[in-house]
Amino acid sequence: MASESKRRTDRAAVEPTPAEESALETARRQLNQAAARLEIDPAIVEQLSHPTAVHEVTVPIERDDGSVEVFTGYRAQHDSVKGPFKGGLRYHPEVTRDECVGLAMWMTWKCAVMDLPFGGAKGGIAVDSKALSAGEKERLTRRFTQEIRSVIGPTKDIPAPDMGTDPQTMAWVMDAYSMQEDETIPGVVTGKPPVIGGSEGREKAPGRSVAIITREAIEYYGRDIERTDIAVQGYGSVGANAARLLDRWGANVVAISDVTGGIYDPAGIETHSVPSHDEEPEAVLDHGAPRTVTNDELLELDVDVLIPAAVGNVLTEANAGNISAELIVEGANGPTTSRGQEILTDRGVAVVPDILANAGGVTVSYFEWLQDINRQSWSLERVHEELESEMLAAWDAVRTEKETGAPTWRDAAYAVALSRIADAHDVRGLWP
Ligand SMILES: NC(=O)C1=CN([C@@H]2O[C@H](COP(=O)(O)OP(=O)(O)OC[C@H]3O[C@@H](n4cnc5c(N)ncnc54)[C@H](OP(=O)(O)O)[C@@H]3O)[C@@H](O)[C@H]2O)C=CC1
Ligand SMILES: O=C(O)CCC(=O)C(=O)O
């Protein structure tokens, strides 16, 4: 696509990198670097550096022992030039306003890489979800939904699962929202159980897309998947499903981990016999293996491919020089800091970015939203076929950018995403 906003320049890179950076700082730095290469109107870049809105709400709940606890929740809405805001809800102790804004920015680019008619959002509650009973989690979710009810909706902003939330959480959001609207509105969230309008295949979709993109990248670099050793950090919706699919496709998954640490077996791990986070949290270390590793050690193992699929900021200035993998496929959102990326790039390590690799989640969310508004139900086979085709189309678009001069896979993915977003802003124009 020929585009005014896409012409490359040699403008110098942006600000220096601090030792530690927030998701928002990383996201802004990546935006500025990509925009500098693409010659995008500075007014549009400035606009995209800020969220459209950030809603901060107080969420009081009654604990099972009768006491009242007050939590803070957020919904950050970044950009909606191409359609309603879209993105997950995260329940994690480290959720902050800035983290939600950074993650919302990445959702904008992710939807644009996939050419979905959505913008970017992210939200969550600063809470340790594992310390809540099911009843407490339900009360927290229903109260949070009530607090953000006026800013979400099937044509406004559509939440979905992320870390610490799952299909049941989405069912509570849908129910709380629908009760207030006096009608059943399945399209207000995606990632619901299929029995209430959720899509087949949504839960495993982010892991499936990570596996598809890993498979394509392995082939791109001329490797044989059956002779490829892979380490995966995080064994949840993304990590476990990616590991299991790659294992099924013949790769040698030699290391996996959860929050408590990991296991390493150079002969390969039977991934299906290790419970995922959804099946049983913190169970990876219970599985017998010749060696256990810490999460830091897992990242530096002598493997061909590394898939960080848990939390952000794990590949940093401190360890990027020690990473042995030749290929990193980002399953988590924001696992690589700016300085980590620079060091990895200098060392010739290919990093395929989150906004492409884990985009299967939001893509099947889009399928779910389509099914909801059309009152349809697709088969799992259809979801898999359509996801495969969307992922390959996005991979081709990004690969073309890489082959025509983008220095890194992240630059290539941003070139695809940002040019689409900038063009959309350009034609819609600014309200006077
Ligand atoms: N769910 C989705 O639709 C999508 C999620 N993502 C991103 O993928 C990442 C993982 O999300 P998801 O799989 O949904 O999360 P889950 O909650 O399903 O699983 C997270 C996994 O990571 C482990 N974990 C948690 N903290 C750490 C840590 N500090 N170090 C190592 N492992 C840790 C958990 O361990 P334990 O089991 O012991 O708790 C669990 O195995 C996040 O960055 C998320 O934003 C991206 C796209 C879509
Ligand atoms: O499915 C969605 O809408 C969003 C999933 C998500 O939060 C993500 O891709 O990071």
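This is a predicted model: local features need pLDDT of at least 70, side-chain atom pairs count only at pLDDT 80 or more; totals for chains, interfaces and linings use all residues.

Just after α7, the backbone at G250 adopts a positive phi of about 105°.

The domain assignment of the protein gives domain 1, covering 51–190, and domain 2, covering 204–356. Their C-alpha centres lie 27 Å apart, and the contact between them takes eight residues from domain 1 and seven residues from domain 2. On the side of domain 1 that touches domain 2, four residues are nonpolar, one is polar and three are charged.

Ligand 1 is surrounded by 29 residues, of which the closest are G234, G236, D258, A310 and G361. Sorted by class, this shell holds 11 nonpolar, 15 polar and three charged residues. Because domain 1 and domain 2 both give residues to the shell, ligand 1 lies between them.

## The shell around ligand 2

Around ligand 2 there are 13 residues, and the closest are G88, A160, G361, V362 and S365. The elements that give two or more residues to this shell are strand β3 (85–92) and helix α11 (360–373). By class, the shell around ligand 2 consists of two nonpolar, eight polar and three charged residues.

## Where α1 meets α13

Helix α1 (residues 23–38) and helix α13 (residues 409–428) have axes that come within 10 Å and cross at roughly 75°. The two helices α1 and α13 are therefore roughly perpendicular to each other. From α1, the contact is made by Q30, A34, A35, R37 and L38, and from α13 by R410, D411, Y414, A415, L418 and S419. Taken by class, the residues of this contact divide into six nonpolar, two polar and three charged.

L24 also belongs to helix α1. With 22 other C-beta atoms within 10 Å, L24 is buried, and, leaving aside its neighbours within four places in sequence, L24 is in contact with D98, V101 and G102. L24 and R291, by comparison, are 267 residues apart in sequence and 36 Å apart in space, taken from C-alpha to C-alpha.

## Loop residues with positive phi

Which residue in the loop between β8 and β9 is to be considered here? E282 is placed in that loop, between β8 (261–264) and β9 (291–293), and its phi is near 55°, a positive value in a residue other than glycine. E282 is partly exposed, with 14 other C-beta atoms within 10 Å.

N313 is placed in the loop between β10 and β11 (327–329). Although N313 is not a glycine, its phi is positive, at about 55°.

Notes:
Residues are numbered from 1 along each chain as its sequence is written. Chains are lettered from A and ligands numbered from 1 in the order in which they are written. A residue is near a molecule or strand if its C-beta atom, placed from the backbone, lies within 6 Å of it. Ala, Val, Leu, Ile, Met, Phe, Trp, Tyr, Cys and Pro count as nonpolar, Asp, Glu, Lys and Arg as charged, and the others, Gly among them, as polar. Domain bounds come from an automatic or database domain assignment. Helices (H or I, at least four residues) and strands (E, at least two) are DSSP runs, numbered from the N terminus. Axes are lines fitted to C-alpha atoms, for helices over the stretch in contact, and angles run from 0 to 180 degrees between N-to-C directions. Angles under 35 degrees count as roughly parallel, over 145 as roughly antiparallel, 65 to 115 as roughly perpendicular and the rest as oblique. Two residues are in contact if their C-beta atoms, placed from the backbone, lie within 7 Å. A residue is buried if 20 or more other C-beta atoms lie within 10 Å of its own, exposed if 12 or fewer, and partly exposed in between; C-beta atoms are placed from the backbone.
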